[in-house]
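Here is a friendly walk through one protein model, with the sequence and the 3D view at your side.

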Amino acid sequence: MEPPSVMFVAGDPSGDNHAAAVIHQLKTSDPSLECFGIGGPAMQAQGFTALMPFEPFNKMGFAEVVTHLPFFLKAKDKLIRIMERKRPSVLVCVDYPGFNFPLMKAAHKRGVPVIYYIVPQVWAWKKKRAKILGTTASFIGVVFPFEEKIFTPYPSPVRFVGHPLVESINNKKENKHTSDIDILFKNKDFRIALIPGSRPQEIDRNLGPMIEACRHLLRQYPSLTISISRHPQLPESLFAPHIGEVKAELFTGPLDKLLEKSDLAFVTSGTATLQTALHGVPMVIAYRTSFITYQLIKRAVSIKHIGMPNIICGRTVVPECIQERMKPETLAREMEQFIMSQSCYIETANTLSDIKNKLGRKKPSLEIATEIKKYITSIPL
């Protein structure tokens, strides 16, 4: 009989970070516990064993996934074979539904319990996934309170475990940039963060229009400071063609650190929009994907907004410039409202900061680790 072990699958940088916190909790209880599967540098730093290189999994969009379909099929088959051989105590799927759903079904069929942490946005599109999750997973840990009711019609236990970004921010000292607001508006020396994404194709599609928008703004407000978030795994050469002659800092540290010193942000749609909101930074959400992917999403999505701050608040708190609206002049115009109007800036910052209260103060890493421990008799609850 194989010793207790936990198989994790996290296929993108945010999932890597969130799973790493869970592994830390598990390893604190039992340093000898084997954790293996698919994960990145953050998970590996906690003693996780990666079975395959992480970078090839970090793809998104219909066109790119189809292009790399042979890789994903081979990876899935390999992981199923390993699962059959090692018989982990539990499989933990972290977001990444396109890959994790088939793996979850395979685990369920083979009698391996499945904990799903950070569920796909079934309330926005592909709602049939709710039924698959609700009848296949052994436990569902949702990160937004409103997601619980979506799964209550199904037999799988579900619980709001808190949001990992709130946990991450609560674990840090509060040292948010606190410029005197009157001086900031008098000098117009705002510090703007550009957060174009963590995947090469996101940089290619989104950074250029963000930079051009900054060019527009700098002509009228020359005291602006520009910083660009670069994920450590992405080469600087990916950014250079888009930056050109614009004076901008390429920031490779944690996104939280960049947001702590930023007054405004252009943010690619995704997890980073919520992270920016939790820091109380007014933003313009910007996103552009391939034509095919956009048309598929447009036909499937049933909600008005794409940005998590707007979805959580149930209204347009920050502007969204998606696909054809992602033009430099449009981005600049939307951002200028925050630079011109002090009342607009303050009201938006306060509304965004309040999202942290809406999400509560639970520690999801501890909540998920506790659920995992139920399947590992050698670790006390």
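Is Ser89 buried or exposed? Ser89 has a relative accessible area of 16%, and because the cut-off for buried is under 20%, Ser89 counts as buried. Please keep in mind that this is a predicted model. You will find Ser89 in the loop between helix H4 (69-86) and E4. Leaving aside residues up to four places away in sequence, Ser89 touches Pro4, Ser5, Pro113, Tyr375 and Ile376.

Ser223 sits in the loop between helix H10 (200-220) and strand E9 (225-229). With a relative accessible area of 39%, Ser223 is partly exposed. The contacts of Ser223, again not counting residues up to four places away in sequence, are Asn187, Lys188, Asp189 and Phe190. If you draw a line from C-alpha to C-alpha, Ser223 and Arg191 are 8.9 Å apart in space, while 32 residues separate them in sequence.

## The nonpolar core

The largest nonpolar core has 53 residues, and the members that touch the most others are Val6, Phe8, Leu26, Leu274, Ile355 and Ile372. Which helix gives the most to this core? That is helix H1 (residues 13-29), with five residues.

Beyond residues up to four places away in sequence, Leu26 touches Val6, Phe8, Leu33, Cys35, Ala369, Ile372 and Lys373. Three of these names, Ala369, Ile372 and Lys373, are also among the buried residues of H19.

## An open sheet of seven strands

Next, trace the sheet. Seven strands form an open sheet in the order E3-E2-E1-E4-E5-E6-E7, and the pairing is parallel. Its edges are strand E3 (49-50) and strand E7 (158-160), each of which pairs on one side only. At the E3 end, strand E2 (residues 34-38) and E3 pair in the parallel sense over two bridges, and Gly37 stands opposite Ala50 in E3.

Helix H1 lies across several of these strands: strand E1 (5-9), E2, strand E4 (90-94) and strand E5 (114-117). Relative to E1, H1 runs at about 170°.

Helix H6 (residues 128-136) is worth a stop too. Its buried residues are Arg129, Ala130, Leu133, Gly134 and Thr136. Among the elements that cover them are helix H5 (97-109), E5, strand E6 (139-142) and helix H7 (148-151).

Why is strand E11 (residues 264-268) called largely enclosed by the rest of the structure? The reason is that five of the five residues of E11 are buried. Both faces of the strand are covered: Leu264, Phe266 and Thr268 are buried on one side, and Ala265 and Val267 are buried on the other.

E11 has two pairings to look at. Strand E8 (residues 191-195) pairs with E11 in the parallel sense over four bridges, and E11 also pairs with strand E12 (residues 283-287) in the parallel sense over four bridges. Ala265 takes part in both: Ala193 stands opposite Ala265, and Met283 is the bridge partner of Ala265 in E12. Together, E11, helix H13 (residues 271-278) and E12 make a right-handed β-α-β unit.

## Aromatic pairs

A search of the whole structure finds 12 aromatic pairs. In one of them, the rings of Tyr96 and Phe99 have their centres 5.9 Å apart and their planes at 45°, so this pair is tilted. Both Tyr96 and Phe99 are buried. These two rings belong to a cluster in which ring pairs link Phe57, Phe71, Phe72, Tyr96 and Phe99.

Another pair is formed by Phe185 and Tyr345. Their ring centres are 5.6 Å apart and their planes are at 80°, so the pair is edge-to-face. This pair links distant parts of the chain, with Phe185 in helix H9 (residues 181-187) and Tyr345 in helix H17 (residues 342-353), 160 residues apart. Both Phe185 and Tyr345 are buried.

Key
Residues are numbered from 1 along each chain as its sequence is written. This is a predicted model: local features need pLDDT of at least 70, side-chain atom pairs count only at pLDDT 80 or more; totals for chains, interfaces and linings use all residues. Side-chain values use heavy atoms; hydrogens and water are left out. A nonpolar core is a set of buried Ala, Val, Leu, Ile, Met, Phe, Trp, Tyr and Cys residues joined through side-chain atoms within 4.5 Å. Buried means under 20% relative accessible area, exposed over 50%, partly exposed in between (1.4 Å probe, protein chains only). Contact means heavy atoms within 4.5 Å. Two strands pair if DSSP finds at least two bridges between them. Axes are lines fitted to C-alpha atoms, for helices over the stretch in contact, and angles run from 0 to 180 degrees between N-to-C directions. A crossover is right-handed if, with the strands pointing away from the viewer, the path from the first strand over the helix to the second runs clockwise. Rings of Phe, Tyr and Trp (its six-membered ring) pair if their centres lie within 6.5 Å; planes under 30 degrees apart count as stacked, over 60 as edge-to-face and the rest as tilted.
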